[in-house]
Amino acid sequence: MPLTAAEIADLPGVPESRLPAAVASQLPESTPDAPWSVKADGVIWFHKAAEGARDALPTAVRDLPALPVTLGALISYRDTPVGPYHEVLGAPLVLRNPLPHLSVPFIAVDSVPSVHGGRAHWGLPKVLAAFDWLPSGPTVAADGDGWSVRVDTRAFPVPFPYAGVLPQLQPLPGARLGRSLARLFAFARPALVTVATDGPSLPTWLVPGRHPGLVLSNARMVVGRTR
């Protein structure tokens, strides 16, 4: 892009994604540039967008056409350019620009280098959180500064191959929009995902309740450069 340290620390997002100065001061000067090749397991879920979903989007993409679908995800990265870590994220709406894109105003990890990498390379407003991840299910608790996400998953037993692409659209400083593309291959199992959220904004758009989803295992993903 590249972004300055001040721009990295001040990316737009929901209140749960505000980066504390104490964390910003810990960020490394650099992390490996994109593309990133990663191996991971995780769970994703979907639900009909709540009335407050569009308000959770950054101003730069808030007026774009969108499908009324919200996506949440919890991911356990086993191998990345900055080492293993856990992640939770939410995308309030599926944007149409003109193809479906995700814009992520909430994302948290338990790795300081990943905070820098997400912010510097993709404009993702990553913050730090603590994760309690039980592989069975999985059952996961993520706790951040004044917010939490809890997920309990019941997956069907038979996996199937799953491949897809994930276009992403993130607001960047200087009224720019950064576009990137992730390519994914994994084994997936349909699941019912019970979600509980707490925080200033999360319950208004990352809706608590039981939702359809997928449990992903042995996933391989390549996240491309921002254009």
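The second largest pocket is lined by 19 residues, and Leu3, Ile8, His116, Ala120 and His121 are the ones nearest its centre. A pocket here is an open set of points on a 1 Å grid over the protein atoms alone, where a 1.4 Å probe fits and protein lies on both sides within 12 Å along at least five of seven lines; lining residues have an atom within 4 Å of a point. Helix 1 (5–9) and helix 3 (112–122) each supply at least two residues of that lining. Helices (H or I, at least four residues) and strands (E, at least two) are DSSP runs, numbered from the N terminus.

A word on the model itself: it is predicted, so local features need pLDDT of at least 70 and side-chain atom pairs count only at pLDDT 80 or more, while totals for chains, interfaces and linings use all residues. Residues are numbered from 1 along each chain as its sequence is written, and side-chain values use heavy atoms, with hydrogens and water left out.

A volume is the space filled by probe spheres set on the grid points, which are joined across faces, edges and corners. For the classes, Ala, Val, Leu, Ile, Met, Phe, Trp, Tyr, Cys and Pro count as nonpolar, Asp, Glu, Lys and Arg as charged, and the others, Gly among them, as polar.

| Pocket | Volume | Lining by class |
|---|---|---|
| Largest pocket | about 820 Å³ | 32 nonpolar, five polar and three charged residues |
| Second largest pocket | about 340 Å³ | eleven nonpolar, four polar and four charged residues |

The largest pocket is lined by 40 residues, and nearest its centre lie Ile75, Leu102, Leu166, Ala182 and Met221. The elements that give two or more residues to this lining are strand 1 (36–48), strand 3 (69–79), strand 4 (85–91), strand 6 (100–102), strand 12 (160–172), strand 13 (176–198) and strand 14 (209–223). Strand 1 gives the most, with eight residues.

## The chain as a whole

Stepping back, the secondary structure of the protein chain comes to four helices and 14 strands. Along its principal axes, the C-alpha trace spans about 45 × 35 × 35 Å.

Of the 227 residues, 51% count as buried. Buried means under 20% relative accessible area, exposed means over 50%, and partly exposed is in between (1.4 Å probe, protein chains only). The accessible surface comes to about 10400 Å², of which 58% belongs to carbon and sulfur atoms; such areas come from the Shrake-Rupley method with a 1.4 Å probe, and for residues only the protein chains shown count as cover.

Contacts (heavy atoms within 4.5 Å) tell their own part of the story. Among those between residues at least 6 apart in sequence, 68% join residues at least 24 apart.

## Backbone details to look at

One runs from Ala34 to Pro35, with omega near 5 degrees, and Pro35 lies in the loop between helix 2 (21–24) and strand 1. Another joins Gly137 and Pro138, with omega about 0 degrees; Pro138 lies in the loop between strand 9 (130–134) and strand 10 (139–143).

Positive phi values come next. Ala175 has a phi of about 60 degrees although it is not a glycine. Ala175 is found in the loop between strand 12 and strand 13, and it is exposed, with a relative accessible area of 81%. Asn218, also not a glycine, has a positive phi near 50 degrees. Asn218 lies in strand 14 and is partly exposed at 48% relative accessible area.

Ser217 and Asp41 are 176 residues apart in sequence, yet their C-alpha atoms are 4.5 Å apart in space. Leaving out residues up to four places away in sequence, Ser217 touches Ala40, Asp41, Ala186 and Phe187.

Ser180 is found in strand 13 and counts as buried, at 9% relative accessibility. With residues up to four places away in sequence again not counted, Ser180 touches Trp122, Leu166, Pro167, Gln168, Gly224, Arg225 and Thr226.
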